[in-house]
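Look at the model first, then read on.

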2 protein chains.
Amino acid sequence: MHEFDLIRQYLQFATVPRQDVMLSIGDDCALLQVPPGQQLAVSMDTLVADRHFISTVDPQSLGHKALAVNLSDLAAMGATPAWVTLSLSLPAANTVWQQWLANFMRGFSTLAHSHHVQLVGGDTTCGPLSMTVQVHGFVAPGQALRRDAAKPGDLIYVSGTLGDAGLALQAQQGQTILSPAEQKRLAQRLDRPLPQVALGQAINHLAHAAIDLSDGLGGDLGHICQASGVGAVIQAAQLPLSALVKQYIQTTADWRLPITAGDDYELAFTVPPDRQAQVQQAAEQVGVPITCIGQITAGHTTQIVLPDGTTQDLQGGYQHF
Amino acid sequence: MHEFDLIRQYLQFATVPRQDVMLSIGDDCALLQVPPGQQLAVSMDTLVADRHFISTVDPQSLGHKALAVNLSDLAAMGATPAWVTLSLSLPAANTVWQQWLANFMRGFSTLAHSHHVQLVGGDTTCGPLSMTVQVHGFVAPGQALRRDAAKPGDLIYVSGTLGDAGLALQAQQGQTILSPAEQKRLAQRLDRPLPQVALGQAINHLAHAAIDLSDGLGGDLGHICQASGVGAVIQAAQLPLSALVKQYIQTTADWRLPITAGDDYELAFTVPPDRQAQVQQAAEQVGVPITCIGQITAGHTTQIVLPDGTTQDLQGGYQHF
């Protein structure tokens, strides 16, 4: 497996060194120094070809996304990213796959650089195309944003806009017609999501609970409600929407896109009402728009109030009639 | 993917809880507390069906081995195991694969229990059968056993006996005839390797460099020599061998088994001569036999002296003529 040895060597130079990495790729283990007084937050995700991505996907975008979805988990905990491990399974180690890997690592490393994250270990094997990424971050004790900490009366916020990745997917699949310029702009939301790391850190001492929106607002907010033993009411009219998604809803009268479509990787979080001004200020300082979309209740249902005044239960998923 | 949700729930109860795990499976991240003054050692390995194991392998043995090979990396650093993450890719979530997973987790969890290791996170996806395991352990600053720390004059030790897993593989492939009782006993060495975790911890303040023997003594010792910029001479007559491997060598006059066969997962380590008594005592206290097999040199070759007095270079791999 001489070619795989070459590939392993290549990975060593993929990210910039950090001072808290005592030993990186090349020994039996990496040796890492967690800062005194900080807890370690870890998350692991696997992406499998033809399940989580099509095997003809642009490898640079895939490299970005494989790391982005993991950094988004750290963002949802309010943690500061530090290290990443990467296990890649490639069908072959020939020049075609070496080129593929070079492009994959370009996307992966660019995002890693921008978050000051070092690749410290992993594995490279021959097998069906897939990758497992584990991220490691720091958070002060008691400041992690857990799913089970929402309280009745908390205001529910989301970052950015919702439904853009879903609309991009529809456009890619030919279900929605967009101009080439619009489609290109929207595709960035689907292919190169930007994890809300700075926002998570900025609000981790203010918010009660948080989650990243990977499966869609309805389902992910349901996870918070279930873990916290609470309910929620959100107002469709308050959902932050891009011009394209607004236009889509006006045309179709279908609200599924911002409620059930996944892959937006924005944050949803709950904040006690007396911290509303503080949390708005914290978000402004990191330059991320946030919007209050509803409130946590003492009930056990997650509901959405549509602009016509009708209410739907989100637990079973929003239905379009 | 309701069935996969069931599988994920099953994993939550797979290992015993530890006090340094603040939050385990079920949130965006696990939250972990590294003890004050300790460094974190991490290692990640992927096993792919029909590449690292045959897909009809006993799942309980595979569960054991998937964790064992990772714990062996911690052992080689002299680290104390603490946490593990596991990403499983299964072809389906039907009852057949649920049963397979139950058996896999039985092997995985039994070994995890015996090392007081908690499963704290991971992923379960639908895809070609494969698994990625990451282990996390602790080691005091400066006490990790690195590959690059061997010094000329160091004595070279190995634990246990060498070549047993290789002989078991030969027997399984029908290349060597053993009695059913012998084959069963030897198969344990191949299918259920016991990582030398206690030994690694016992010698981490005495040894200079260490590695676990996954690829065979010649190659793995070569890694130490290359990283440390040294050479080595080992004596074939001093290699610790089981009765069956001894018998095999007497019959075939072929020394490849203990030198080039992998999968033994014993430790090889180097010790300054003035600590010989201390290291023997430390090994006795954890009940692991260790044997001095040679010495680190100031040269750049890794050589073996055979019982007939001839010398062979190990860098290119031992050749049988």
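Two strands pair if DSSP finds at least two bridges between them. Helices (H or I, at least four residues) and strands (E, at least two) are DSSP runs, numbered from the N terminus. This is a predicted model, in which local features need pLDDT of at least 70, side-chain atom pairs count only at pLDDT 80 or more, and totals for chains, interfaces and linings use all residues. Residues are numbered from 1 along each chain as its sequence is written, chains are lettered from A and ligands numbered from 1 in the order in which they are written, and side-chain values use heavy atoms, with hydrogens and water left out.

**The interface**

- Chain B gives 49 residues to the contact, and chain A gives 49 residues. Contact means heavy atoms within 4.5 Å.
- About 3900 Å² is buried between chain B and chain A, and carbon and sulfur atoms give 55% of that area. Buried area is the accessible area (1.4 Å probe) that two parts lose on being put together, summed over both.
- Between chain B and chain A, 25 residue pairs are in polar contact, both residues being at pLDDT 80 or more. A polar contact is a pair of N or O atoms within 3.5 Å; within protein, one must be able to donate a hydrogen and the other to accept it, and residues adjacent in sequence count only if both atoms are side-chain atoms.
- Several elements of chain B each supply at least two residues of the side that touches chain A, including helix H2 (59-77) and strand S3 (39-48).
- S3(B) gives the largest share of that side, 9 residues.
- That side of chain B has 24 nonpolar, 16 polar and 9 charged residues. Ala, Val, Leu, Ile, Met, Phe, Trp, Tyr, Cys and Pro count as nonpolar, Asp, Glu, Lys and Arg as charged, and the others, Gly among them, as polar.

**Strand pairing**

- Strand S2 (residues 30-32) of chain A runs antiparallel to S3(B), and 3 bridges join them. Here Leu31(A) stands opposite Ala41(B).
- S4(B) and S6(B) run antiparallel, joined by 9 bridges. Thr80(B) faces Phe138(B) as its opposite residue in S6(B).
- S4(B) and S5(B) run parallel, joined by 8 bridges. Val84(B) has Leu119(B) as its bridge partner in S5(B).
- In S4(B), 10 of its 11 residues are buried. Buried means under 20% relative accessible area, exposed over 50%, partly exposed in between (1.4 Å probe, protein chains only).

**Salt bridges**

- Over all chains, the structure holds 20 salt bridges. A salt bridge is a side-chain nitrogen of Lys or Arg within 4 Å of a carboxyl oxygen of Asp or Glu.
- Across the interface of chain B and chain A there are 4 salt bridges. One of them joins the side chains of Asp27(A) and Arg147(B), at 3.7 Å, N to O.
- Asp27(B) and Arg147(A) also meet in a salt bridge, at 3.7 Å, N to O. Asp27(B) lies in the loop between S1 and S2 of chain B and Arg147(A) in the loop between S6 and S7 of chain A, so the pair joins two chains. Asp27(B) and Arg147(A) are both buried.
- Within chain B, Lys65(B) forms a salt bridge with Asp263(B), with the closest N and O atoms 3.6 Å apart. These residues are 198 residues apart, so the pair links distant parts of the chain. Lys65(B) counts as buried at 18% relative accessibility, while Asp263(B) is partly exposed at 23%.
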